[in-house]
Amino acid sequence: MKILLIGGCGFIGFNVLEHLISKKIKNLFVIDNLSGQSSKKNLIQIKKKYKKIRFKKLDISNFNQINMFVRKYKPNFILALHGQVAVTKSIQNPRQDFNNNFLSVFNLLETIRINNLKCSLINLSSNKVYGKINNLKLKETKLKYQSKILVNENSNINFESPYACSKGAADQYLIDYFKLFGIKTVSLRLSCVYGENQWGTEDQGWIAWFIKRSLNNKKIRIFGSGKQVRDVLNVKDLSKLILTLMKKINLVKGNAFNIGGGKSNTLSLLELIKKIEKKIDKKIKYTLNKERFGDQKYFVNDLSKIKKFTGWKPKISVNKGLSMYFDWIIKNQLKK
Ligand SMILES: NC(=O)c1ccc[n+]([C@@H]2O[C@H](COP(=O)([O-])OP(=O)(O)OC[C@H]3O[C@@H](n4cnc5c(N)ncnc54)[C@H](O)[C@@H]3O)[C@@H](O)[C@H]2O)c1
């Protein structure tokens, strides 16, 4: 079986690659355009640690290039783990976001369709496809918003930024190409993913960013009240899920799934600050700034559908995951 990991040098891509390798899965090919924050660094690690992994630098928003490659290589699975990650960047440069999050995925679907390949496609979408959720009946405490509402896949989709449009359009095309052409597709509407090999910026990857800033004694700018809540998922749990989906592709094909830490793994920005303060035994400096466009106040996934289809649920709790990640950041930060 031949597996193509697009964006395999990114945060999630690199973790998925390492998980597949740890499970002795062979015939892995990585494609990446190395535009990501830590892609070049990860590629160096991949080449050093895994000599047998093949790599090609390619921008898959260029149809001719990806089509030529896929037609020849004939993968059985394409894991589309690439993309543009930040809502803020999508507002600054909507075309680049469109190319990396929509056109690139459309190109993959088209190359599978045109070449009549027996190839399944798993793509990473986002919870941003749901936009602001109404009727959350939010309660506000000192550190977080609270609600009993969990978001499932039947919730209305409601795109509120170029990022949500590009992710959402790709997500819908995946479902449609299954219905129309029988291509086995799966779309994962991800909440916040964190863990090893994520470096984070102010625009995306807030857990990594907050920890890094705190360790460097730098002030953190919080956008909004800091009480925003996400269900956070450790990347190791996500990597396991992706392998499970590959094994159960005939059961899960044609579906979009909400994926996150679920109701037992929620975290607000202020809660994270408190946890870091406890860990480093120091007060963290932060400022509160204007809420960002398109930011959801509260988003927690209902994981019933994915559990029903695959039995998967997150195993790594927020506290355990943060502690593991913290140690990793300290170890690797010092080497940076
Ligand atoms: N990390 C999260 O919390 C999260 C949450 C929701 C959705 N997602 C989605 O998951 C995907 C991966 O996220 P990540 O955090 O690993 O990001 P990342 O930036 O670390 O990795 C993305 C990788 O894709 C590559 N890439 C981007 N455009 C490409 C193109 N056109 N052709 C080839 N390679 C390309 C980059 O060089 C990078 O290595 C993204 O699509 C992101 O929107 C991530």
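Mentor: The axes of α1 and helix α8 (residues 235–247) come within 9 Å and cross at roughly 60 degrees (axes are lines fitted to C-alpha atoms, for helices over the stretch in contact, with angles from 0 to 180 degrees between N-to-C directions). This is a predicted model, in which local features need pLDDT of at least 70 and side-chain atom pairs count only at pLDDT 80 or more, whereas totals for chains, interfaces and linings use all residues. Residues are numbered from 1 along each chain as its sequence is written. The angle makes α1 oblique to α8 (under 35 degrees counts as roughly parallel, over 145 as roughly antiparallel, 65 to 115 as roughly perpendicular and the rest as oblique). The crossing of α1 and α8 is right-handed, the near helix being turned clockwise from the far one by less than a right angle.

On the α1 side, the contact involves Ile-12, Asn-15, Val-16, His-19 and Leu-20. From α8, the partners are Val-235, Lys-236, Leu-238, Ser-239, Lys-240, Ile-242 and Leu-243 (contact requires C-beta atoms, placed from the backbone, within 7 Å). This contact of α1 with α8 comprises 7 nonpolar, 3 polar and 2 charged residues (Ala, Val, Leu, Ile, Met, Phe, Trp, Tyr, Cys and Pro count as nonpolar, Asp, Glu, Lys and Arg as charged, and the others, Gly among them, as polar).

Helix α1 (11–22) also takes part in the shell around the ligand, as do α5, β5 (120–126) and β9 (192–194), each with at least two residues. The largest share, 3 residues, comes from α1. In total, 28 residues surround the ligand, and the closest are Gly-7, Gly-10, Gly-36, His-82 and Gly-83 (a residue is included if its C-beta atom, placed from the backbone, lies within 6 Å). By class, this shell holds 12 nonpolar, 14 polar and 2 charged residues.

As for the overall setting, the protein has 12 helices and 15 strands (DSSP runs numbered from the N terminus: helices H or I of at least four residues, strands E of at least two). The C-alpha atoms fill a box of roughly 55 × 45 × 40 Å, taken along the principal axes.

How values were computed
Two residues are in contact if their C-beta atoms, placed from the backbone, lie within 7 Å.
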